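Dear colleague,

Please find below the structure that I am handing over to you. My findings follow it.

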Amino acid sequence: MPVSAHPEYDDIDQAAQAHGLIVMGALRDGGESLILLGAGPAFWDHLQAAPEALDGAPDPVDRWSSRVIGALAAQFGAQAEFPFGGPPYAPFIRWAMDSGRAFQSPVGMLVHDTVGMMISYRGALRLPRVIPTPTPRTASPCPTCAAPCITACPVGALSGDTPYNLAACHAYLDTPAGQECMVNGCAVRRACPVSTGAQRQPAQSAHHMRAFHPS
Ligand code: SF4
Ligand code: SF4
């Protein structure tokens, strides 16, 4: 078996996958390394079996992320960073783009090399040292794509021509037709062919939609 060029990264990747997380990127931040962690295909099943999903208290996803990523940070001598809990908020969008694995899509939101527009960064490990990490092999998928994301929103709330029309989106989600987005997730995100890599369960998308648009 060949010796890995980035053994500590591999160990983190393996430990994260044991919790349904995936490494979504890595970057150097001064003399430190940031390992970005996000929801992988097994994330939702892990969450459903966790105490945070069963206790009926608010914010199960963020509380689960705090506990699990906090434990991973302790395991690897790192500090945990989270995209929630602010202000101030950690600059996850900048980190994502600096990782070389996430790119700005034509409609503005990020698209990731393996999970497309089903991006859900759950946290990051800040290691107080620079560790070897794999070189990103991908470029943005957008220049060679027919860009179905641009026309997928039924009300044109997210088309790239203008800033995200949040009011139009929320108004549509209150209509019977809008239940399609509420139940299955944002049609723009689902239209991206790269999003299939996330293997996102509709129940997870519905959870995020309820958080975005409470009834
Ligand atoms: S649908 Fe195509 S153009 Fe739009 S974000 Fe996905 S890959 Fe990029
Ligand atoms: S959730 Fe539905 S209405 Fe809102 S931007 Fe996405 S596709 Fe458009």
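This is a predicted model: local features need pLDDT of at least 70, side-chain atom pairs count only at pLDDT 80 or more; totals for chains, interfaces and linings use all residues.

Residues are numbered from 1 along each chain as its sequence is written, chains are lettered from A and ligands numbered from 1 in the order in which they are written, and side-chain values use heavy atoms, with hydrogens and water left out.

Ligand 1 is surrounded by Ser105, Pro106, Val111, Met117, Pro141, Cys142, Cys145, Ala147, Pro148, Cys149, Cys192 and Pro193; a residue is counted here if one of its heavy atoms lies within 4 Å of the molecule. This shell divides into 11 nonpolar residues, 1 polar and no charged. In this scheme Ala, Val, Leu, Ile, Met, Phe, Trp, Tyr, Cys and Pro are nonpolar, Asp, Glu, Lys and Arg are charged, and the others, Gly among them, are polar.

Ala147, a member of that shell, lies in the loop between strand 6 (121-127) and helix 6. Helices (H or I, at least four residues) and strands (E, at least two) are DSSP runs, numbered from the N terminus. Although Ala147 is not a glycine, its phi is positive, at about 60°. With 17% relative accessibility, Ala147 counts as buried (under 20% relative accessible area; exposed is over 50%, partly exposed in between; 1.4 Å probe, protein chains only).

Around ligand 2 are Cys153, Pro154, Tyr164, Cys169, Tyr172, Cys181, Cys186, Ala187, Val188 and Met209. By class, these are 10 nonpolar, no polar and no charged residues. Helix 6 and helix 8 (187-191) each supply at least two residues of the shell.

In helix 6 (residues 166-173), the buried residues are Cys169, Tyr172 and Leu173. Seen down the helix axis, they fall within an arc of 100° and so line one face of helix 6; the arc is that of the directions from the axis to the C-beta atoms. Their cover includes helix 7 (179-184) and helix 9 (202-212), with contact meaning heavy atoms within 4.5 Å.

Gln199, in the loop between helix 8 and helix 9, is not a glycine and has a positive phi near 50°. At 57% relative accessibility, Gln199 counts as exposed.

Finally, the peptide bond from Gly86 to Pro87 is cis, with omega near 0°, and a cis peptide bond also joins Pro87 and Pro88, with omega about 0°. Pro87 is placed in the loop between strand 3 (79-81) and helix 5 (92-98).

With kind regards
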